[in-house]
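Hello,

Here is the structure I promised to pass on to you.

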Amino acid sequence: MTATEHRRAPNGFNLVQPPGWDVIPLHRGTAEAMDHIVRKAVAQLPVGFPKDDIPKARMKLTKEMKKVVRRATAKGGMTLYLPTERLHGVALPVSILASEPIEVPRVRPNSGPEAVLAALASETPGAELRELDDTAALRSERDVPADAAQGVDVAHRRVEYFVPIPDSAPDRYLTFSFSALIAPGSDPAFYDTLVELFDAVMSTFRWSYA
């Protein structure tokens with residue numbers, strides 16, 4: 001690379017979602033994606049479901065979908081991944097949210113993102129350094145208890161990946177958040193399996209330069 005050449009920052013990313021999941025873009029095409037998911041859910045209603053109740057079911061699904069999208073957008077989300085098909089008859093209470101890039105100042109003027117990740121890792125319980133598509137990333141995991149005062153209606157397992165965008169100026173970072181609702185008395189091993197699924201999805205992460 002000559003002195004006048006500069007590496008180009010990626011302009012996006014790709015993830016391979018599990019079978020039975022759908023993607024909702026939160027900038028453009030949101031309504032169309034929601035409509036597709038609702039129509040698919042209605043098509044999966046059990047045999048014998050009263051036809052007269054289908055419009056009511058469609059309205060309820062649409063209302064719930066809009067609520068989920070509003071929450072994701074309020075958190076700075078840009079892409080939402082949701083399971084829309086049952087797994088062995090079970091509806092998975094999980095979601096993955098990719099958030100808008102944020103700027104983070106460097107720890108020292110001449111340091112890079114690795115120093116930021118190391119500093120965060122030292123202060124974040126359950127954090128560890130990982131690598132995604134040859135990029136250092138920070139992974140953290142914790143159980144979040146229900147707390148109405150904090151706006152947390154239901155306890156959930158949360159896993160996050162904090163990923164610096166290579167060659168971005170100023171330094172920008174992506175956040176990928178996985179959330180699994182925890183039902184009272186449920187088997188922790190079930191949520192461990194769901195976390196493994198999220199880690200498997202993140203292992204498919206690739207930068208896009210198109």
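**What I found**

At 37% relative accessibility, Glu 64 counts as partly exposed, where buried means under 20% relative accessible area, exposed over 50%, and partly exposed in between (1.4 Å probe, protein chains only). Glu 64 is found in helix H2, residues 54–74. Its C-alpha atom is separated by 21 Å from that of Ser 99, 35 residues apart along the chain.

A word on the source: this is a predicted model, in which local features need pLDDT of at least 70 and side-chain atom pairs count only at pLDDT 80 or more, while totals for chains, interfaces and linings use all residues. Residues are numbered from 1 along each chain as its sequence is written, and side-chain values use heavy atoms, with hydrogens and water left out.

Now the overall picture. The protein has four helices and 10 strands; helices (H or I, at least four residues) and strands (E, at least two) are DSSP runs, numbered from the N terminus. From the N terminus on, the order is β-β-α-α-β-β-β-α-β-β-β-β-α-β. The C-alpha atoms fill a box of roughly 70 × 40 × 30 Å, taken along the principal axes. Of the 210 residues, 37% count as buried. Among contacts (heavy atoms within 4.5 Å) between residues at least 6 apart in sequence, 57% join residues at least 24 apart.

Next, strand S4, residues 94–99. Six of the six residues of S4 are buried, so this strand is largely enclosed by the rest of the structure. Both of its faces are covered: Val 94, Ile 96 and Ala 98 are buried on one side, and Ser 95, Leu 97 and Ser 99 on the other.

S3 and S4 run antiparallel and are joined by four bridges, with Gly 77 opposite Ser 99 and Leu 80 opposite Leu 97. S4 and S9 also pair in the antiparallel sense, over five bridges, and in S9 the bridge partner of Leu 97 is Ser 177. S3 is itself mostly covered, with seven of its seven residues buried. Five bridges join S3 to strand S2 (residues 21–25), again antiparallel, and there Ile 24 stands opposite Leu 80.

Then the packing. The largest nonpolar core has 27 residues, and those with the most contacts inside it are Phe 13, Phe 176 and Phe 178. By nonpolar core I mean a set of buried Ala, Val, Leu, Ile, Met, Phe, Trp, Tyr and Cys residues joined through side-chain atoms within 4.5 Å. The elements that give two or more residues to this core are S3, S4, S8, S9 and helix H4, and H4 gives the most, with six residues. Not counting residues up to four places away in sequence, Phe 176 touches several residues, including Phe 13, Leu 97, Val 159, Phe 198 and Phe 205. A second, separate core of 11 residues includes Ile 24, Ala 33, Met 34 and Leu 80.

Best wishes

Notes. Two strands pair if DSSP finds at least two bridges between them.
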